[in-house]
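Welcome! Take a moment to turn the model around before reading on.

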Amino acid sequence: MTVPAPAGPAPAEPALTEPAVTVIGCDGGALPPGAAAALAGAALVVGARRHLDAVRLDGPAPGNARVAELTRLDEALSEIGSAGGPAVVLASGDPGFFGIVRALRARGIRPLVLPAVSSVALAFARLGLDWDDAIVLSAHGRDPGPVTAAALAHPKAAILTAPGEPAAELAAALLAGGRRVYAAERLGTPGEKVAEVTGLGAVLADPNVLVALDPAAAGGARPGGATGATGAAGDAGPGWVAGHRGAPAGWALPEEAFEYRDAMITKAEVRALVLARLGPGLGRTVWDIGAGSGSVAVECARFGASVYAVEADPAQCERIRRNAAAHGVGGSVRVVAGTAPAALAGLPAPDALFAGGGSGEVLAAALETGRPDRAVAALASVDRVRAVTELLAARGYRAEGVQLQAARLAPLPGGSLRLAGANPVFVISGERGPA
Ligand SMILES: C[S@@+](CC[C@H](N)C(=O)[O-])C[C@H]1O[C@@H](n2cnc3c(N)ncnc32)[C@H](O)[C@@H]1O
């Protein structure tokens, strides 16, 4: 069953009815208090096959209730809407956590929820790990790229994988990103298995939860080992906020934080504005076209974005890989070796793109191919400013531009300071409003 979170701002909730629907969580243990009475009085019981079976086997049989197997969420919701009496929905774990409660409320139903233990809580319990510092992600019905990048941006992550979709591929991407990966399969059933995923091509039984740990985090964040600090500089430490750790401890990093050649790097002051206009973050996909040293790509990945760094020069491609690895985001920056726009074909659509160089034709083609909500270009040549601004406006972007000329403080003999001016750069950006 897929219960995707609604994209964008939460829609206004419809008026809610009083509970005529009880949602019972199932975790393989005894049903929660109140479940038996709800089942006995139900006109309709809806649930996935495994939950219906579990109720029949070790719980009270639903009196004269009509029983409907839940295979498609929309059909189940329609059944519930026309139940003609009290309905019971059987769902896994805590139904209010990445579960059916959101979909019911979106239909104007305020259910009575009798939760069991979430599969995520069970997975961490089986591993003997604390998890209030973990980010929890759902891979249901979405591109695995941003899910992987978000997991790799955190030292401790749990992923609800979608049945029938390749959890093993997600696990492989997490392994490639340097994580220690555990799969918790079929929790609470006789077929339960919780084990480390050690190689590519693992075969994982549905349903399963993946847990990805950064071995470099303090204490090694491994089952049986001490866990504590999350490993990010400037982090306020564990035990006070669950889930996402927010922005990295610093950004617009100095050029020395990267390997680059011939001054071919977006300078820190310019990068600060570029990052602000791109808006990288968890769940976002960014194309960095003509990525050069990869400083923008790496910084976007440090915010949790899934990044495609497109670069024609093989030596620069290697440099991007080294820079990404040095900043611990090697699994979130995919280097696409090739010349844009041809190299863009087949890449997952971006939310934002950055063009650090290249011609207007490349930018035009990239906008056409990727259709991002945000586009940013950094230009050294004043000649190109007008064409790029007009291009963005013609494609429906609210375009704006600024010339940035930073002058850094530099020492003079005798303890004085001078201003060392950097070359001016134009940052042209565009944002598309809602359609
Ligand atoms: C729609 S989510 C529902 C999560 C649920 N509300 C909870 O708290 O566990 C479904 C996903 O939960 C995970 N899941 C549910 N039951 C599980 C089980 N018995 N063992 C392992 N993972 C399970 C799987 O990742 C599955 O694809």
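Predicted model: local features only at pLDDT ≥ 70, side-chain atom pairs only at ≥ 80, totals over all residues.

Residues are numbered from 1 along each chain as its sequence is written, and side-chain values use heavy atoms, with hydrogens and water left out.

Let us begin at the ligand. It is surrounded by 18 residues, and the closest are Asp 94, Phe 97, Ser 119, Thr 161 and Asn 208; a residue is near a molecule if one of its heavy atoms lies within 4 Å of it. Some polar contacts can be picked out here (pairs of N or O atoms within 3.5 Å). A polar backbone atom of Asp 94 is 2.8 Å from a nitrogen atom of the ligand. An N or O atom in the side chain of His 140 lies 3.0 Å from a ligand oxygen atom, and one in the side chain of Arg 50 is 3.4 Å from a ligand nitrogen atom.

Next come the helices, which are DSSP runs of H or I with at least four residues, just as strands are runs of E with at least two, all numbered from the N terminus. Helix 6 (residues 144–152) packs against helix 7 (residues 167–176) at about 40°, with axes 10 Å apart. Axes are lines fitted to C-alpha atoms over the stretch in contact, and angles run from 0 to 180 degrees between N-to-C directions. The two helices are therefore oblique to each other, a word for angles that are not under 35 degrees (roughly parallel), over 145 (roughly antiparallel) or 65 to 115 (roughly perpendicular). Pro 144, Val 147, Thr 148, Ala 151 and Leu 152 of helix 6 touch Leu 170, Ala 173 and Leu 174 of helix 7, where contact means heavy atoms within 4.5 Å.

Helix 8 (residues 268–278) and helix 9 (residues 295–302) form another pair, at about 50° with axes 11 Å apart, and they are therefore oblique too. Here Arg 271, Val 274, Leu 275 and Leu 278 in helix 8 meet Ser 295, Val 296, Glu 299 and Cys 300 in helix 9.

Finally, follow the backbone through some loops. Between strand 9 (193–197) and strand 10 (208–213) sits Pro 207, joined to Asp 206 by a cis peptide bond with omega near -10°. Another cis bond links Ala 340 and Pro 341, with omega about 10°; Pro 341 lies in the loop between strand 13 (333–337) and strand 14 (352–355). Arg 186 has a positive phi of about 45° although it is not a glycine.

Notes. Polar contact = N/O pair within 3.5 Å; in protein donor to acceptor, adjacent residues only side chain to side chain.
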